[in-house]
Amino acid sequence: MNSPESTTPRSPVGHPLVGFEHSELVYPDGTHALRDVNLTVREGEFVSVVGPSGCGKSTLLRLSAGLESITDGYMQCGADRVGYVFQDATLLPWRTVWDNVALFGELDGVPREDRKHRIAAALATVGLEGFEDHLPHMLSGGMRMRVSLARSLTLDPDLFLFDEPFAALDEITRERLGVELNELFAAKGFAGLFITHSVSEAAFLSNRVLVMSGRPGTIVDEIEVPFDFPRSPDLRFEPEFAEISGRISHSLKEAHS
Ligand SMILES: Nc1ncnc2c1ncn2[C@@H]1O[C@H](COP(=O)(O)OP(=O)(O)OP(=O)(O)O)[C@@H](O)[C@H]1O
């Protein structure tokens with residue numbers, strides 16, 4: 001992805017965009033999904049969540065997007081514009097790349113000329129210029145994910161929610177998209193809440209990594225990742241990075257037991 005703006009690291013000291021305090025969620029069928037969740041994501045901060053399968057990570061994202069409601073405690077989302085990227089790119093198969101990226105602007109009633117500028121800028125940012133007329137089935141999995149990112153970028157989100165966006169991709173593509181997302185974050189300075197099962201992906205992308213327990217999920221550990229943004233792909237080979245990844249893995253193992 002290209003980052004036309006400056007890549008000066010943004011300081012994660014803004015006001016809270018998502019806040020959970022002693023939040024609980026029990027689904028109508030009695031499934032206790034989340035227990036006493038305390039979590040804040042501030043402006044310009046990238047936070048990843050790892051945890052055992054079924055511990056409530058996607059539920060946490062759906063709550064942040066306003067798609068679910070907690071059943072006890074306190075929760076607030078102060079973001080004006082929320083982007084949401086899923087593991088499946090969720091593109092409309094009959095629409096071209098351009099028309100897929102246009103979708104959110106159309107739904108939001110963005111005026112046509114403004115929309116055109118936003119679509120062109122988003123496609124340039126994710127490196128998909130020249131593919132505007134392609135249909136989704138003509139693209140690789142990585143390219144479809146870039147279209148999905150571009151679609152949300154047209155909203156200029158101040159909060160970006162990611163639900164395992166790279167999980168279905170091969171490892172090389174996954175790492176490359178991670179690096180590109182990291183550059184995008186450094187350039188644009190949105191806040192990110194990122195769900196993943198990959199410890200190294202979480203560490204590479206984030207200011208902080210939160211570890212959840214098994215269901216009912218609660219946050220049992222928080223690990224700071226103190227490297228500047230944007231991060232070099234070679235960071236993954238540094239001993240300090242390995243040490244932090246080791247701490248997250250250890251914590252995750254405890255959460256599983
Ligand atoms: N609408 C629902 N009604 C009842 N239970 C639900 C509902 N949605 C999710 N659950 C349950 O809540 C728990 C948390 O689900 P969630 O999808 O948030 O977990 P997750 O951590 O994202 O899982 P994974 O890592 O496998 O994707 C699971 O036990 C799931 O079966």
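**Entry 1: a pair of facing residues.** I started with Val49, and I found it opposite Ile195 in strand S7. This is a predicted model, so I kept that in mind from here on.

**Entry 2: the neighbours of S3.** How do S3 and S7 pair, parallel or antiparallel? I found that S3 and S7 (residues 191-195) pair in the parallel sense, over 4 bridges. With S8 (residues 208-212), S3 also pairs in the parallel sense, over 4 bridges.

**Entry 3: another sheet.** Next I looked up an open sheet of 3 strands, which has the order S2-S1-S4 with antiparallel pairing. Its edges are S2 (32-42) and S4 (72-77); each has a single partner strand, so one side of each has no neighbour in the sheet. From one strand to the next, the twist averages 20°.

I followed S1 (residues 16-26) and S2, which pair over 7 bridges in the antiparallel sense. Among the partners here, Pro16 has Arg42 in S2 as its bridge partner. Helix H1 (residues 57-64) packs on this sheet and touches S1, S2 and S4. The direction of H1 makes about 55° with that of S2.

**Entry 4: the record.** I checked UniProt, where an unreviewed entry places "domain: ABC transporter" at residues 18-239. Over that stretch I noted 33% helix and 25% strand, with the end C-alpha atoms 32 Å apart.

Conventions. Residues are numbered from 1 along each chain as its sequence is written. This is a predicted model: local features need pLDDT of at least 70, side-chain atom pairs count only at pLDDT 80 or more; totals for chains, interfaces and linings use all residues. Two strands pair if DSSP finds at least two bridges between them. Helices (H or I, at least four residues) and strands (E, at least two) are DSSP runs, numbered from the N terminus. UniProt positions are given in the numbering used here, feature names are shortened, and annotations may be inferred rather than shown by experiment. Axes are lines fitted to C-alpha atoms, for helices over the stretch in contact, and angles run from 0 to 180 degrees between N-to-C directions. Two residues are in contact if their C-beta atoms, placed from the backbone, lie within 7 Å.
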